[in-house]
Amino acid sequence: MKAVVVHGAKDLRVDEVPAAVPEPDGVLVRVVYGGICGSDLHYAADGRNGAYPVEEPLTLGHEVVGVVADVGQSASGAPPIGTRVAIHPAVPCAPAGAAEPTGLHLTPGGTYLGSASTRPHTQGGFAELLPVGVGQLRVLPANLPLRRAVLAEPLAVALHGLARLGDRVRGARVLVSGAGPIGSLAVTGLNHLGARTVVAADLQEYPLQVAKSVGATEIVRLSDGETCEPGSFDVVVEAAGAAASLASALAAVRPGGAVLQLGMLPGGGVPVPMASLIAKEIALFGSQRFDTELDAAIALLAAEPALDAVVSHEFDLGSTAEAFACAADSSRSAKTILRLSADPDS
């Protein structure tokens with residue numbers, strides 16, 4: 001079978017790898033779509049993601065959906081072959097339908113699909129066939145096409161971060177700083193949670209238009225010199241993953257307001273004016289992946305066809321290099337996805 005494998009910095013290949021088989025208590029999923037994430041881009045360009053270098057060939061991808069292709073002989077509770085599913089990329093992970101936070105996403109030593117943080121590395125989902133545990137599966141509703149369902153993992157990330165804010169969102173004026181895929185998905189999540197106004201700010205026009213199409217009330221074109229009035233937001237969601245953006249967030253939020261750091265900042269020291277956080281008594285929230293939010297993300301995707309706009313480009317495996325180049329260019333793309341096999345919804 002074919003898989004998208006990174007061997008080192010600027011060494012991304014579509015390799016022929018041994019065909020996967022399910023574990024006796026697991027399932028085999030025929031992957032249909034995979035979304036290219038920032039971590040995938042870092043592995044492909046730099047041979048590492050943050051503190052984690054690629055030390056052996058690594059199949060990328062953790063935003064994946066597909067169809068159950070085979071079931072292990074002792075896989076209790078597995079859905080039937082042919083069932084359309086999203087995949088939770090973490091082990092351990094919260095069980096389907098969990099209502100209360102579990103904290104399992106913070107478990108030391110846990111694994112995540114397509115990650116070099118473990119030794120050996122945890123192979124990812126950009127492969128034609130992917131073996132996973134039954135507990136990682138989420139059956140998709142009939143009215144949710146696989147092409148939109150591929151947003152389930154990043155939407156769950158956004159919803160988890162917003163949940164960290166508690167009841168601060170309802171009725172609030174909110175700024176989303178960075179209108180890439182996570183930022184645009186956060187826009188929809190904020191509206192769903194009852195925000196009064198959601199403003200999206202970005203340097204690029206394309207992501208701003210995507211954010212507007214999924215519910216941003218206003219947009220701020222930073223490249224045109226437009227700015228956000230200091231202290232004018234109850235909540236700021238930093239979704240760009242840039243130190244300058246966090247500094248701007250601390251300036252834009254009102255005294256007593258809250259900032260959610262949803263974007264992943266670079267490792268090491270980050271120059272940020274923390275004095276304003278102290279003087280304005282700002283609550284700063286971190287957010288790591290997600291916990292129980294995958295089910296809520298799937299339900300929201302089924303209810304919001306407008307989220308189709310977040311998927312901007314689709315490429316097949318033969319165009320993987322072009323797909324990664326497109327995903328890395330925020331001036332012309334939002335979420336770029338790979339099609340790894342035939343879509344039964346088409």
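Residues 24-132 of the chain are 8% helix and 34% strand, and their end C-alpha atoms lie 11 Å apart. Helices (H or I, at least four residues) and strands (E, at least two) are DSSP runs, numbered from the N terminus. UniProt, in an unreviewed entry, gives residues 24-132 the feature "domain: Alcohol dehydrogenase-like N-terminal". Such annotations may be inferred rather than shown by experiment.

This is a predicted model, in which local features need pLDDT of at least 70. Residues are numbered from 1 along each chain as its sequence is written.

Now take the whole chain. It has 9 helices and 20 strands. Its C-alpha atoms fill a box of roughly 60 × 40 × 40 Å along the principal axes. Of the 346 residues, 51% are buried, meaning under 20% relative accessible area with a 1.4 Å probe, protein chains only.

Next, look at the backbone. One runs from V91 to P92, with omega near 5 degrees. P92 sits in the loop between β9 (90-91) and β10 (111-112). The other joins R119 and P120, with omega about -5 degrees. P120 lies in the loop between β10 and β11 (129-133).

Positive phi values come next. E281 is not a glycine, yet its phi is near 50 degrees. E281 lies in the loop between α7 (274-279) and β18 (283-286). E281 counts as exposed because its relative accessibility is 64%, and the cut-off for exposed is over 50%. R289, also not a glycine, has a positive phi of about 50 degrees. Its loop runs between β18 and α8 (294-303). At 31% relative accessibility, R289 is partly exposed, the class between buried and exposed.

How values were computed:
Predicted model: local features only at pLDDT ≥ 70, side-chain atom pairs only at ≥ 80, totals over all residues. Heavy atoms only, no water.
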